[in-house]
Amino acid sequence: MTGRVQRIAILGATGSVGSQALQVIDRYPDRFQLLGLVCGRRPAPRPAEVIIAGGEPDFDARLEALVTDSRCDIVLVAIPGAVSLRPTLAALAAGKTVAIASKEVLVMAGQAVMAAVGRPDQLRPVDSEHSALWQCLWGESPASVSRLLLTASGGPFWSRPELELEQVTVAEALKHPRWSMGPKVTVDSATLMNKGLELIEAHHLFQVGLAGIDVVIHPQSVVHSLVEFVDGSLKAQLGNPDMRLPIGLALAYPERLPGVVEPTRLDSLESLAFEALDSQRFPAVELCREAARRARGYPAVLNASNEEAVAAFLAGRIAFTGILAAVESALAAWPGGGGEDLAAVLAADTFARNHFRERLVKVST
Ligand SMILES: NC(=O)c1ccc[n+]([C@@H]2O[C@H](COP(=O)([O-])OP(=O)(O)OC[C@H]3O[C@@H](n4cnc5c(N)ncnc54)[C@H](OP(=O)(O)O)[C@@H]3O)[C@@H](O)[C@H]2O)c1
């Protein structure tokens, strides 16, 4: 082990990523110390020097104070959605290391976030696919990379081509075949929007053009993603689906944590399969690629309308197929913004949420 104990703030501590991060921190007390916890509606899972609960009147101010606190070394951002944008920017501006799980932040404001990164590896991926790409890229020259390949499990409906997606229930959409995650990302996995959001995330994080990123269906979720090089070589990162590995790597980089997860036993694996994405049935990835290509607020509109639509689906207010329809409607209505700075991104976000709500009223009256 090198260096002193790292003091960590967890945003989204009661969630799936947050609680697994707490397990990692507890397991390596000589490396990590918990400084602060930010929760939503559930109570804090344990004591910490700083505890902030969602809905507190001075929530935003306390959150900013925590992520810029001189005692804090690493901020783990794991609150889904646009709410994580401001604390991420504040933490980066204060020079903190940011371990980013909340892909929505890079989707809506990739340029602003990357502009706030002050040193290599200050912003570290937690998403398992991006962690895999990060690991495959270590020691490689950007000029030798020809393509990034994001793997996707396909979610619960990929292997059921006969199923009418219109009829899908909330309970069915929340049954992910491989990962146990929070509701928003689980529904995003079922629409494959999650993979589209990850494509935009990878585009910003690794500064690779959109045409150089592809998606391949890999139902076993053992190969977490791959990099293709100009000589035709493919490099992949494999492991059991267990988020403690990418979380641990984002916290401990450049070290690896001994025993953070069980080793992957190749002789116990099912055979590994890869299939092309069916963009007719699951158009979300191409919708995301196109929004990112257009930039000028389109990714923020896509993200915000998807957040609103997923929440409405979970509340039983729209059908599963209504999620993509809502995103398409918001993108079609957006006139295109002027820039990629924070104010422009927030304007696009507000536009999309208002558009969604007005459309929902029209559709349901
Ligand atoms: N779960 C995974 O395996 C996984 C993998 C890769 C990437 N990610 C990404 O990581 C992020 C977190 O996912 P997750 O699955 O951990 O989500 P989750 O289980 O739903 O947890 C979300 C956390 O954020 C808190 N929260 C939500 N809204 C809040 C608000 N307005 N103010 C304060 N706290 C709020 C929740 O608090 P309460 O529950 O207390 O209300 C909870 O602690 C997502 O962006 C997701 O895409 C997740």
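## Ligand shell and domains

The shell around the ligand takes at least three residues from domain 1 (6-125) and at least three from domain 2 (129-242 + 271-292). The model is a predicted one. Besides these two domains, the division of the protein includes domain 3 (295-365).

In total, 24 residues surround the ligand, and Thr-14, Arg-41, Arg-42, Glu-104 and Gly-182 are the closest. By residue class, the shell consists of twelve nonpolar, seven polar and five charged residues. Three helices each contribute at least two residues to the shell: helix 1 (16-27), helix 4 (103-115) and helix 7 (183-191).

## Polar contacts and burial of the ligand

A polar side-chain atom of Arg-42 is found 2.7 Å from a ligand oxygen, and an N or O atom in the side chain of Glu-104 lies 2.8 Å from an oxygen atom of the ligand. On the backbone, a polar atom of Gly-40 is 3.0 Å from an oxygen atom of the ligand. The ligand exposes 900 Å² when taken alone, and 85% of that area is buried by the protein.

## Interface between domain 2 and domain 3

Domain 2 and domain 3 have C-alpha centres 22 Å apart. Contact between these domains involves 22 residues of domain 2 and 17 residues of domain 3.

About 1700 Å² is buried between domain 2 and domain 3, and carbon and sulfur atoms account for 79% of this area.

Definitions and conventions
Residues numbered from 1 in each chain as written. Predicted model: local features only at pLDDT ≥ 70, side-chain atom pairs only at ≥ 80, totals over all residues. Heavy atoms only, no water. Near = heavy atom within 4 Å. Polar contact = N/O pair within 3.5 Å; in protein donor to acceptor, adjacent residues only side chain to side chain. Areas by Shrake-Rupley, 256 points an atom, 1.4 Å probe, with all protein chains shown as cover. Helix = DSSP H or I, 4+ residues; strand = E, 2+ residues; numbered from the N terminus. Nonpolar A, V, L, I, M, F, W, Y, C, P; charged D, E, K, R; others polar. Domains from an automatic or database assignment. Contact = heavy atoms within 4.5 Å. Buried area = accessible area lost by both parts, 1.4 Å probe.
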